[in-house]
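The following report describes how the parts of a protein model are arranged and how they meet. The sequence and the structure are shown first.

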Number of protein chains: 2
Amino acid sequence: MRLALDAMGGDHAPGPIVAGAVRAVAAQPDLHVTLVGDREQIEAAVTAAGGHLGDRLSLFHCTQVVTMDDSPVDGIRKKPDNSISRTWQLLAEKKVDAIVSAGNTGAMVAGGLRLRRFLKGVRRPGIATVMPTLRGPCVIIDVGANVAPKSRDLFAYGVMGSIFAKHILGREHPSVGLMNVGTEDSKGNELARETHALFNGSTLKERFIGNIEGRDIHRGACDVVITEGFLGNVILKVCEGVFDFVMKLVAHEVLAALSVEKQIAHKAIADLIHKHDYAAYGGAPLLGIDGICIICHGSSGERAITNALNVAAQYARTGLNDKIVEVLEGVPTTGDED
Amino acid sequence: MRLALDAMGGDHAPGPIVAGAVRAVAAQPDLHVTLVGDREQIEAAVTAAGGHLGDRLSLFHCTQVVTMDDSPVDGIRKKPDNSISRTWQLLAEKKVDAIVSAGNTGAMVAGGLRLRRFLKGVRRPGIATVMPTLRGPCVIIDVGANVAPKSRDLFAYGVMGSIFAKHILGREHPSVGLMNVGTEDSKGNELARETHALFNGSTLKERFIGNIEGRDIHRGACDVVITEGFLGNVILKVCEGVFDFVMKLVAHEVLAALSVEKQIAHKAIADLIHKHDYAAYGGAPLLGIDGICIICHGSSGERAITNALNVAAQYARTGLNDKIVEVLEGVPTTGDED
């Protein structure tokens, strides 16, 4: 499995990013990772992580970096030799099967949009992310790639999310819900009503449970949550914020009440936080791309990058994209291509 | 202080709704509450709650109820003698200073929109709600009254939210943030960019901290969070869902780790849940109305209703609306009235 990793992307790049790759190739004998970025910095980071460049850990040198503060589109345009664009280039040239970056998310999406190597039937890719619920993980798509979607984009997210839920989360018959302000069919804005009608008239009808509300996500009301990217991005970050807030509250108030078992409770709370650490997840796939692209949290450390590389390899092996294309081919297009 | 309460609104109405009013008038000698709804049911509920109808607890009989399942606009139109419309009527006729309902939120908003008794300078009212953060409570507006706002509506929400934060939450110089997908000025959709520019060119400029992200709410990044109603409604319900999810997780995993202090931890967790019980909050004001209107959670019990009546009286006493009008009068209108 051939992967390319944007070694310069991430709040603490390249150190922990490169270390994550060193660890991943050491653990998985069929993994080949190309580190994309500044030669000198990467070589130093590989050495520091106790690895060495060779057959399965190679380097693709480039001179520029799109930073977190750069405007995504401008950053990519004004810095032609940036590590994000070079990583995408390796995917476009089929030199790798999958790419991973913890850099500027907007630039990562913009890099993909620029190449326009989308799956057949996909107008705009969407970022999927896995969320814990009371009934096990669900997938929410899109969380920020497409802030001006059409109903057929949301429908395609339903198709992609279902395939993801089936083959990655192991749900035999994934249920799909549309994020809205109420459960009644007529609720919400025009986009919501159009999308609702599109699902109900489609092959996904049986799996479509209709509109869901914000509180339904964590109840585990469905396996796939469909939302437009602006809303999805806010939801994702609100969840992160509330989780952090509640755990701080719990740590403060519950620990204060205890005396002899304070340490035990402290450890249980720390374990919970660790288990739900957003930076430890395997990253979020940008679905709809011809190839596998995983976008990681900016704060990703070594463990998160190792996970993301493993997840990218798993997606590539599963043949997710072939399955998406197969289903989308059966869906009539509505003629609003652009 | 004269209040009207929709006695028929709420998942368990009229029992706990009426009981909340009985308790409120017993505790506050200057409170007069008119219970709006079916005479027979209300009389029985008053008796059951150990109260009696008289000077300070009166009844306004009406025969219909807009249920939670009714479409808000249709419900109000097809049931002219419904308790929500009658409650609004008492406010419009200046027979009461404030109204409270735990009924169908959409119908409550629709009832207000129908009367069009808005404050000068307000095109559409917005629902404000108080949220806990690591730095004390903040106010988020709008959480569902207006799903198609213009930038000047969002600006008015900034004005109203600031006055609320100052006079109700006690923040001398409240800071205002605009919910967006990133903090850079250019982020988001057209509405976000327009609103951002409007704030920066206004008298609120000094208090405007710019765009905020989902995770900033619970960090306490600002005192007033501005958002359009669709997004705000989803945010509110997502917070509810995540809180519930995390507390269940904590109750399960932390308690499982303990032995001798299990009961103590259980009580601390229950206290935390109780403290953050959404149904116990004093309800959410619909700001921008000429008069005070408090909308409560459908699941509101006796305590929540008592709180809401007290809060409604407090808002009326504070003269919130006069202060809002005063500030909005200084804002030039942009000519897009409708």
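Predicted model: local features only at pLDDT ≥ 70, side-chain atom pairs only at ≥ 80, totals over all residues.

## Packing of helices

In chain A, α9(A) and α10(A) pack at an angle of about 175°, and their axes lie 10 Å apart. Angles over 145 degrees count as roughly antiparallel, and α9(A) is therefore roughly antiparallel to α10(A). On the side of α9(A), the contact is made by A:Met247, A:Val250, A:Ala251, A:Val254 and A:Leu255, while α10(A) contributes A:Lys262, A:Ala265, A:His266, A:Ile269 and A:Ile273. Sorted by class, the residues of this contact are 8 nonpolar, 1 polar and 1 charged.

Helix α10 (residues 262-275) of chain A also packs against a helix of the other chain, namely α9 (residues 229-257) of chain B; here the angle is about 140° and the axes are 9 Å apart. This angle makes α10(A) oblique to α9(B). The two helices, α10(A) and α9(B), cross in a right-handed manner. Which residues meet in this pair of α10(A) and α9(B)? From α10(A) come A:Ile264, A:Ala265, A:Ala268, A:Ile269 and A:Leu272, and from α9(B) come B:Leu249, B:Val250, B:Glu253, B:Val254 and B:Ala257. The contact of α10(A) with α9(B) comprises 9 nonpolar residues, no polar residues and 1 charged residue.

A further pair is found within chain B. There, α6(B) and helix α7 (residues 190-200) pack at an angle of about 50°, with 9 Å between their axes. As a result of this angle, α6(B) is oblique to α7(B). The crossing of α6(B) and α7(B) is right-handed. The residues in contact are B:Ser151, B:Arg152, B:Leu154, B:Phe155 and B:Gly158 of α6(B), together with B:Leu191, B:Glu194, B:Thr195, B:Leu198 and B:Phe199 of α7(B). By class, the contact of α6(B) with α7(B) consists of 5 nonpolar, 3 polar and 2 charged residues.

The table sets out these pairs.

| Helix pair | Angle | Distance between axes |
|---|---|---|
| α9(A) and α10(A) | about 175° | 10 Å |
| α10(A) and α9(B) | about 140° | 9 Å |
| α6(B) and α7(B) | about 50° | 9 Å |

## The contact between the chains

How many residues does the contact take from chain A and from chain B? The contact takes 49 residues from chain A and 49 residues from chain B. On the side of chain A, at least two residues are supplied by each of α8 (216-219), α9 (229-257) and α10. The largest share of this side, 23 residues, comes from α9(A). By class, the side of chain A that touches chain B has 29 nonpolar, 10 polar and 10 charged residues.

## The domains of chain A

Chain A is divided into domain 1, which takes in 1-120 + 288-318, and domain 2, which takes in 123-286. Taken over C-alpha atoms, the centres of the two domains of chain A are 25 Å apart. In the contact between them, 24 residues of domain 1 meet 17 residues of domain 2. On the side of domain 1, at least two residues come from each of α5 (105-115), β11 (292-295) and α11 (302-318) of chain A. The largest share of that side, 8 residues, comes from α11(A). Its residues divide into 13 nonpolar, 10 polar and 1 charged.

## Details of the backbone

Where in chain A does A:Asp142 lie? A:Asp142 is in the loop between β6 (138-141) and α6 (151-167) of chain A. The peptide bond from A:Ile141 to A:Asp142 is cis, with omega near 10°. In chain B, the peptide bond from B:Ile141 to B:Asp142 is likewise cis, with omega near 10°, and B:Asp142 lies in the loop between β6 (138-141) and α6 (151-167) of that chain.

A:Arg116 is not a glycine, yet its phi is positive, at about 55°. A:Arg116 is placed in the loop between α5 and β5 (126-131) of chain A.

Methods:
Residues numbered from 1 in each chain as written. Chains lettered and ligands numbered in written order. Domains from an automatic or database assignment. Contact = placed C-beta atoms within 7 Å. Helix = DSSP H or I, 4+ residues; strand = E, 2+ residues; numbered from the N terminus. Nonpolar A, V, L, I, M, F, W, Y, C, P; charged D, E, K, R; others polar. Axes fitted to C-alpha atoms, helices over the stretch in contact; angles between N-to-C directions. Parallel < 35°, antiparallel > 145°, perpendicular 65-115°, else oblique. Left-handed = near helix turned anticlockwise from the far one by under 90°.
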